[in-house]
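Q: Could we go through this structure together? I would like to understand how to read it.

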Amino acid sequence: MRRIAGVTYLWVLLMIAVLGAGAAAAAQVWVTHAQREREAELLFVGEEIRRAIGAYFEATPGGARQYPRSLEDLLRDRRYPVVRRYLRRVYRDPMTGAPDWVIVRAPDGGIAGVHSRSREATFKRKGFRPEHAAFENAATHADWKFIYAAGSAGTPGGAPAAKVEQPAPELQPTANVASGAAVNPAPAALPKPAPAKPPPDPEEERKRRERECRTLARGDAVSCAALRRERVEVASRCEASAAERQALCLDTGTIGLPALVTR
């Protein structure tokens, strides 16, 4: 009997060890998935802020264009008597959970862009969209800088383009073959300005947001399913939170608020 009891005890210890290893592996998978989800959210929210800054800059009335002085200016453009909104809200930073963005200043002192305060190492290093190509191989989330560069497409990660006055080319005198008098050649024709970029198609923008909402829903479902295997009560709250997030995403096109309940 003692030998049988000893063998049973060893089997119990072995099963506990196996279950513990499985739980640790599942927890690591969940942590990795949650991190990737927050990074996807950071890319979306940062790009929304960058686009709003560009819209504010391009809509400057009168002469010299201006960057916003604060992120709140993107919620209500006080330069016009009629309300103009370029952003629904000042989004929170998905990596810190608060709207505590680090501001990137423009040459005129306004806000040219933002980036996260997070110094965590990034999981995503490849496979960015063309507008985020500068983020490849970035070491931390703080290196993902969402900047609107005036006078260009506003590629994230680049510094705002400062306007530099170029000196006029010096005209060299050339001899007039007929009279022998020195004359200046005609200046070269200035290049034509690039055509204005057409506004985004509303239907394409709607489809893009719907695709992002579906991606968000799939990620939430995976996170909640991982919790259901161990903590049913938390999983139920997680699923209710996921449904609320999906409804907000489809209704307003906003990803990230409220945060997914995982505890």
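The conversation below goes through the model topic by topic.

A: This is a predicted model, in which local features need pLDDT of at least 70 and side-chain atom pairs count only at pLDDT 80 or more, while totals for chains, interfaces and linings use all residues. Residues are numbered from 1 along each chain as its sequence is written, and side-chain values use heavy atoms, leaving out hydrogens and water.

Q: What is the mean pLDDT of the chain?

A: The mean is 76, and 69% of the residues reach 70 or more. The pLDDT is the predictor's confidence in each residue, from 0 to 100.

Q: Where does pLDDT stay under 50?

A: That applies to residues 153-183, for which the model has 48 contacts beyond four places in sequence. Contact means heavy atoms within 4.5 Å. Where pLDDT is low, the predicted coordinates should not be read in detail.

Q: How many helices and strands are there?

A: The chain has 3 helices and 5 strands, following the pattern α-β-β-β-β-β-α-α along the sequence. Both kinds of element are DSSP runs numbered from the N terminus: helices are H or I with at least four residues, and strands are E with at least two.

Q: Which strands form the open sheet?

A: Its order is β1-β2-β3, with antiparallel pairing. Two strands pair if DSSP finds at least two bridges between them. Strand β2, residues 111-115, pairs with β3 over 2 bridges, and the bridge partner of G113 is I147 in β3.

Q: Why is one side of β1 and of β3 left without a neighbour in the sheet?

A: β1 (102-105) and β3 (146-147) stand at the edges and each has a single partner strand, so one side of each has no neighbour in the sheet.

Q: Changing topic: is R76 buried, partly exposed or exposed, and where does R76 lie?

A: R76 counts as partly exposed because its relative accessibility is 34%; buried means under 20% relative accessible area, exposed over 50%, and partly exposed in between (1.4 Å probe, protein chains only). R76 lies in the loop between α1 (2-58) and β1.

Q: What does R76 touch?

A: Not counting residues up to four places away in sequence, R76 touches V83 and R84.
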